[in-house]
Amino acid sequence: MALHSLFFFTFLTFSSSFHGISAVKYEVINEATTTPGGIRFTNEIGIPYTKKIMGTINEFVWSVIFQENNPSDRKPVEIVKLYIKEYKGAEAITWGDNINVSSIYLEGYKGDLKWEFTSLLYHELTHVFQWNGEGQTPVGLVEGVADYTILKANYFPPAFAKPGDGDKWDQGYDFTARFLEYCDGITPDFVPKLNKKMRYAFNINYFKDLTGKPVEQLWRDYKAKYFTARKYGH
Ligand SMILES: *[C@@H]1O[C@H](CO)[C@@H](O)[C@H](O)[C@H]1NC(C)=O
Ligand SMILES: [Zn+2]
């Protein structure tokens with residue numbers, strides 16, 4: 001009897017803490033099992049790893065990137081479906097709460113495929129959970145936030161932009177990610193605050209609201225900071 005109670009207690013503790021962490025479900029569907037890329041997915045990554053890492057990344061995006069500790073701050077997502085699918089043109093595409101990863105891309109990647117796939121999922125899952133001003137946020141900023149997650153997760157490749165790189169603040173991807181990192185240095189927790197503001201709309205003045213400076217001024221300061229640093233060889 002005592003033993004039974006102990007088991008019961010353990011089960012309850014486990015299940016309640018599990019639901020406390022995340023109620024999102026993850027589904028992985030390999031629609032390309034017989035193609036070279038689909039076979040490579042099965043051999044080098046696999047569905048169990050993919051589901052596990054989706055949970056890890058989900059938690060990271062909520063707690064570290066957006067600091068949405070209150071569930072009411074989060075974008076409501078019940079289930080994220082990830083398809084491995086044979087198509088050309090893009091590495092991956094996020095549509096609603098779903099992600100399609102190209103088996104042709106997986107087939108052709110040279111190097112540690114599991115690492116690359118994980119890095120890709122940091123980017124794509126950020127799209128699933130980020131606020132985009134109901135579509136008003138400039139696409140370069142949306143992509144910059146997704147790459148900012150890759151940067152903070154330490155899953156960026158050697159070719160990732162360096163601080164000070166780029167021509168404009170909304171150039172997108174790694175360039176905008178580095179600029180957001182700079183903004184974080186000006187105003188602590190800049191990215192979570194900006195994301196929160198973008199829940200229902202986008203306004204360029206959000207940058208000024210958060211830092212005291214218009215975005216163009218921030219960009220000039222950012223470029224000037226790293227221009228000087230490079231000139232003197234730091
Ligand atoms: C992604 O793949 C699913 C499953 O094959 C398909 O139904 C959907 O149309 C695809 N979406 C895009 C945007 O390619
Ligand atoms: Zn993207």
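Analyst: In this predicted model, T35 sits in the loop that runs between strand 1 (25–30) and helix 2 (36–44). Is T35 buried or exposed? The relative accessible area of T35 is 11%, and because buried means under 20%, T35 counts as buried. The side chain of T35 has polar partners on the backbone of two residues. With A32, the side chain of T35 reaches the backbone oxygen at 2.9 Å. With G38, a polar atom of the T35 side chain lies 3.1 Å from the backbone nitrogen. Leaving aside residues up to four places away in sequence, T35 touches E86 and S103.

The view may now widen to ligand 1. For N100 the distance is 2.4 Å, for E31 it is 2.7 Å, and for K85 it is 2.8 Å. Ligand 1 exposes 360 Å² when taken alone, and the protein buries 60% of that area.

A separate site holds the zinc ion, which is ligand 2. What coordinates the zinc ion? The donors are NE2 of H123, NE2 of H127 and an OE atom of E143, at 2.0 to 2.1 Å. Along the chain these donors follow the spacing H-x3-H-x15-E. H127 belongs to helix 5 (residues 113–129) and E143 to helix 6 (residues 139–152), so the pair ties together parts of the chain that are 16 residues apart in sequence. Both H127 and E143 are buried.

Helix 5 also holds E124. At 6% relative accessibility, E124 counts as buried. The side chain of E124 makes a polar contact of 2.5 Å with the side chain of T94. T94 is also among the residues that E124 touches beyond four places in sequence, together with A92, I93 and I99. Between the C-alpha atoms of E124 and D147 there are 9.1 Å, although these two residues stand 23 positions apart along the chain.

Not counting residues up to four places away in sequence, T176 touches G140, L141, G144, W169, D170 and Q171.

Q67 has a positive phi of about 50 degrees although it is not a glycine, and it is found in the loop between helix 3 (47–65) and strand 2 (79–85). E134 likewise has a positive phi of about 50 degrees without being a glycine, and its place is the loop between helix 5 and helix 6. How exposed is each of them? Q67 is partly exposed, with a relative accessibility of 36%. E134 reaches 59%, and because exposed means over 50%, E134 counts as exposed.

It remains to set these parts within the whole chain. The protein chain contains 10 helices and four strands. Read from the N terminus, their order is α-β-α-α-β-β-β-α-α-α-α-α-α-α. The chain has 234 residues, of which 47% count as buried. Among the contacts with a separation of 6 or more, 66% join residues 24 or more positions apart. The accessible surface of the chain comes to about 12500 Å², and carbon and sulfur atoms account for 59% of it.

Key. Residues numbered from 1 in each chain as written. Chains lettered and ligands numbered in written order. Predicted model: local features only at pLDDT ≥ 70, side-chain atom pairs only at ≥ 80, totals over all residues. Heavy atoms only, no water. Contact = heavy atoms within 4.5 Å. Polar contact = N/O pair within 3.5 Å; in protein donor to acceptor, adjacent residues only side chain to side chain. Areas by Shrake-Rupley, 256 points an atom, 1.4 Å probe, with all protein chains shown as cover. Donors = N, O, S within 2.8 Å, 3.2 Å for Na, K, Ca; no water. Helix = DSSP H or I, 4+ residues; strand = E, 2+ residues; numbered from the N terminus. Buried < 20%, exposed > 50% of the residue type's maximum accessible area, 1.4 Å probe, protein only.
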